Amino acid sequence: MSKQNQWIVGINAVASAVEHDAEHVREVLVEAGAKNPRLGEIEQAARRRDIDVRRVAQQALDGVSGGTRHQGVAARYAAAKTWDEHDLPELVEQAQGRALLLVLDGVQDPHNLGACLRSAAAAGATAVVIPKDKAVQVNATVRKTSAGAADSIAVVRVTNLSRTLSELQKLGVWIYGLVGGSGASLYALDLKGNVALVLGGEADGLRRLTREHCDQLVSIPMPGVETSPGVESLNVSVAAGVTLFEAVRQRAG
């Protein structure tokens, strides 16, 4: 696990960081003259936790947000947590036979990644695994879309996704890849043990090597496809939510 410096922007993302990880928030910038009462709440919460707060012009927030809509607030987050493949064995072991991993093969849209992180955190997933290359990384847009989830779930960045899947199999994790029209239904799986759910990117889905490293390929039944022309597949973040919460449903039984 390593650390890096970055700016977090947006009301939900900053509020979550202040509430859940105040020791790593170095300062909060609030737009001077802004009328949103939630900005005042964030400022008060930060001051209660002895976090420096500065009122600044909108241009200053524009500068640190990198083009992301900041909603009048930003925080300098000095120790954001990141994980890599070397941390996976410990994460799986800590789950005590009930690891639930979401693996994303080349998601490009930061809004989709943020939504996936939000669903994964809500489902109590062990971690989200993403490639270091040819995929969006956790940036300000992802953090804002995740509504704080990026601060509360392990996001594991791996160099070689296929090799990582092989290592997970050695750790006793079953790998299920989501593809359209596979013939096998998601709802026929047993998702109560150590499980990795693998979803592809927006354009091409699962890459060939990724498919080859899955124990089984399955699909989400979509009876409306035949009667609704143009509806061929679910958005990756929607598919992630459906898949994760099927695992949650089974584990609650």
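## Around G200

Leaving aside neighbours within four places in sequence, G200 is in contact (heavy atoms within 4.5 Å) with D105, V107, G205, L206 and V236. The model is predicted, so local features need pLDDT of at least 70 and side-chain atom pairs count only at pLDDT 80 or more, while totals for chains, interfaces and linings use all residues. Residues are numbered from 1 along each chain as its sequence is written, and side-chain values use heavy atoms, with hydrogens and water left out.

G200 belongs to strand β9, residues 195-200, where helices (H or I, at least four residues) and strands (E, at least two) are DSSP runs numbered from the N terminus. With a relative accessible area of 10%, G200 is buried; buried means under 20% relative accessible area, exposed over 50%, and partly exposed in between, for a 1.4 Å probe and protein chains only.

## The annotated binding site

According to an unreviewed UniProt entry, the annotation "binding site" covers G200, I220 and L234. These residues are spread over 35 residues of sequence, yet they cluster in space, the largest C-alpha distance being 13.6 Å. G200, I220 and L234 are also part of the lining of the largest pocket. UniProt positions are given in the numbering used here, feature names are shortened, and annotations may be inferred rather than shown by experiment. On a 1 Å grid over the protein atoms alone, a pocket is an open set of points with protein on both sides within 12 Å along at least five of seven lines, and lining residues have an atom within 4 Å of a point.

L234 is found in the loop between β10 (216-218) and α9 (236-252), and it is partly exposed, with a relative accessible area of 34%. Not counting residues up to four places away in sequence, L234 touches I220, M222 and A239.

In helix α7 (residues 161-170), the buried residues are L161, S162, T164, L165 and L168. Seen down the axis of α7, these buried residues fall within an arc of 160°, so they line one face of the helix; the arc is that of the directions from the helix axis to the C-beta atoms. After α7 comes G172, whose phi is positive, near 85°.

Strand β7 (residues 154-158) is mostly covered, since four of its five residues are buried. Strand β6 (residues 127-131) pairs with β7 in the parallel sense over five bridges, and two strands pair if DSSP finds at least two bridges between them. V155 in β7 is the bridge partner of V128.

Methods. On a 1 Å grid over the protein atoms alone, a cavity is a set of points where a 1.4 Å probe fits but cannot get out, and a pocket is an open set with protein on both sides within 12 Å along at least five of seven lines; lining residues have an atom within 4 Å of a point.
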